[in-house]
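The following note sets out points for a colleague to check against the coordinates. It takes up a sheet, a ligand site and several individual residues in turn.

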Amino acid sequence: MSDSATLTVDGKNYDLPIVTGSENERALDIGKLRSQSGLITLDPGYGNTGSCQSDITFIDGDKGILRYRGIPLEAFADHPNFVEVAWLLIFGHLPNRTEYEFFSRELTENANIDEDMKHHFAGFPRSAPPMAILSAMISTLSCFHPQLFDLETDDQLEKAAARLISKIRTLAAYTYRRSRGLPYIYPDPKLPYVSNFLHMMFSEVYSPYVPEPEVRAALNLVLILHADHEQNCSTSTVRMVGSSRANLFASCAAGVSALWGPLHGGANVKVIEMLESIHKGKMSAQEYINAAKDKSSDVRLMGFGHRIYKNFDPRATMLRDVSEKLFAKLGTSDPLLEIAQNLADIALKDEYFLERKLYPNVDFYSGIILRAIGIPANMFTVLFAIGRLPGWIAHWHEQNSDPNMRIARPRQVYTGNGLSHYVPMEDRM
Ligand code: SDX
């Protein structure tokens with residue numbers, strides 16, 4: 001295969017090098033296109049544009065492949081451990097016992113937030129959207145750890161990562177407790193990562209919540225499946241903000257805001273609202289599918305479709321299995337799971353979805369599992385953020401470690417007014 005391409009414009013040829021990745025993805029390097037030809041490229045939504053080269057996550061959307069640092073996602077299913085996956089994504093290898101125990105200790109020791117941060121929680125209305133609070137509180141967190149603004153060494157990065165990954169649980173749990181007028185439950189240093197989060201969410205002052213092992217495993221896996229997904233909207237936002245040399249906390253706070261959108265991480269909430277509206281009989285599954293196919297309606301089959309996956313999202317397949325096993329182990333059921341499976345069955349036989357290669361994505365089943373654990377829908381995207389945080393940190397670090405990093409500053413094609421003149425107020429129509 002050739003290692004360059006030739007672009008011919010107005011009779012002139014321009015050679016564009018072709019970059020080939022370790023999994024044989026190929027890209028035209030247009031780094032010199034404007035200086036050589038005066039041309040730029042135009043690609044709204046960046047569906048055809050690579051922003052960087054990265055070693056962290058590999059996705060083959062046609063084959064439904066997702067690997068973290070080369071390890072297939074399915075490898076984590078039997079012994080899900082979110083903490084070791086966080087280390088893998090950030091530092092590039094599975095932690096050995098010494099690294100794992102050190103990082104776990106750091107997470108335990110940094111679970112509390114400064115007592116003064118509680119004043120900030122008190123400043124929000126109880127009805128405040130949890131994602132608004134989370135983004136604000138991650139930024140606020142940086143004010144209490146100014147020593148972590150400048151991360152020059154892996155040791156400093158490890159400390160900042162541990163503080164963020166540990167405290168995001170506390171921020172999330174306190175957000176939930178505050179919204180219900182419940183007392184804050186302090187983290188318990190004896191508990192591992194996920195158990196401590198569930199303890200802070202659901203324990204009462206003199207009555208600790210002890211999750212079933214199946215619940216712990218299910219939530220570890222949900223967080224692992226959300227941990228990274230290469231250049232998605234929120235991760236690209238973290239890179240964009242980090243490219244100005246903004247600190248890690250500010251960059252991740254921006255990532256939370258991008259994730260909040262209903263087309264991105266906010267979709268898991270919209271899926272539950274969709275399933276509940278079908279469950280309440282407002283619309284049958286077929287009627288909902290018909291509306292999602294009708295261009296004149298603004299209805300979309302939430303949890304379906306993906307910019308990259310034109311096959312099954314492997315995370316959706318794993319989450320469907322987790323939800324079925326969790327209900328079987330807990331001896332419970334959820335009518336919304338049956339509705340989801342019915343919707344998927346109908347859609348996956350419908351030409352509209354098949355010809356557009358629209359399959360269930362990570363958001364289609366995740367909310368059903370979180371519901372089974374007792375997490376309210378308005379906290380689903382917060383859980384997505386807890387899962388995605390290691391990926392954001394890994395990408396921020398990868399970009400900031402690149403000696404050739406430049407501030408991200410895309411171009412545009414201007415389509416506005418030609419030269420125009422100022423018109424004094426009295427002369428305006
Ligand atoms: C996440 O990027 C990532 O990696 C994201 C993520 C991650 O881990 O970070 O995987 C997490 O964000 C998952 C996606 C969650 N969002 C949803 O489930 C919302 C519903 N899905 C769609 O809005 C849509 O599929 C997107 C946003 C996910 C993808 O949008 P694209 O790639 O811009 O696709 P598109 O809007 O151009 O759609 C192509 C066609 C259109 O029809 P035509 O104009 O060709 O006739 O497919 C149709 C769309 O109308 N279509 C849908 C649809 N998704 C696409 N029609 C009905 N229902 C849908 N869900």
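1. Two strands are taken as paired if DSSP finds at least two bridges between them. The model discussed here is predicted. By that criterion, β4, β5 and β6 form an open sheet of three strands, in the order β4-β5-β6, with antiparallel pairing. The edge strands are β4 and β6 (71-72), each of which pairs on one side only.

2. The pairing of β4 (residues 57-60) with β5 (residues 65-68) is antiparallel and runs over four bridges. Within this pair, F58 has R67 of β5 as its bridge partner, and D60 stands opposite I65 in β5. The hairpin formed by β4 and β5 has four residues between the strands, and G64 there takes a positive phi near 65 degrees.

3. R67 has P72 in β6 as its bridge partner, while Y68 stands opposite I71 in β6. The hairpin of β5 and β6 has two residues between the strands, and R69 in the turn has a positive phi of about 50 degrees.

4. How do the side chains of β4 and β5 divide between the faces of their strands? In β4, T57 and I59 point one way, whereas F58 and D60 point the other way; all of these residues are buried. In β5, L66 and Y68 make up a covered face, and I65 and R67 an uncovered one.

5. Turning to the ligand, 23 residues surround it, and the closest are H229, R300, H306, R307 and R315. By class, this shell has nine nonpolar, seven polar and seven charged residues.

6. For G303, a backbone N or O atom lies 2.8 Å from an oxygen atom of the ligand. For H264, a polar side-chain atom lies 2.9 Å from a ligand oxygen atom. Taken alone the ligand exposes 1,100 Å², and the protein buries 77% of that.

7. R239 counts as buried because its relative accessibility is 6%, and buried means under 20%. The side chain of R239 makes a polar contact of 2.5 Å with the side chain of E398. Not counting residues up to four places away in sequence, R239 touches C52, S54, Q231, H395, E398 and Q399.

8. Most residues other than glycine have a negative phi. Y46 has a positive phi of about 55 degrees although it is not a glycine. Y46 is found in the loop between α1 (33-37) and β4, and is exposed, with a relative accessible area of 54%. K357, also not a glycine, has a positive phi of about 55 degrees. The position of K357 is in the loop between α15 (351-355) and α16 (363-373). K357 is partly exposed, with a relative accessible area of 43%.

9. Finally, is N112 buried, exposed or partly exposed? At 39% relative accessibility, N112 counts as partly exposed, because that class covers values between 20% and 50%. N112 is placed in the loop between α3 (97-109) and α4 (117-122). Not counting residues up to four places away in sequence, N112 touches K167, Y186 and P187. N112 and Q412 are 300 residues apart in sequence, and their C-alpha atoms are 45 Å apart in space.

Key:
Residues numbered from 1 in each chain as written. Predicted model: local features only at pLDDT ≥ 70, side-chain atom pairs only at ≥ 80, totals over all residues. Heavy atoms only, no water. Near = heavy atom within 4 Å. Polar contact = N/O pair within 3.5 Å; in protein donor to acceptor, adjacent residues only side chain to side chain. Areas by Shrake-Rupley, 256 points an atom, 1.4 Å probe, with all protein chains shown as cover. Nonpolar A, V, L, I, M, F, W, Y, C, P; charged D, E, K, R; others polar. Buried < 20%, exposed > 50% of the residue type's maximum accessible area, 1.4 Å probe, protein only. Contact = heavy atoms within 4.5 Å.
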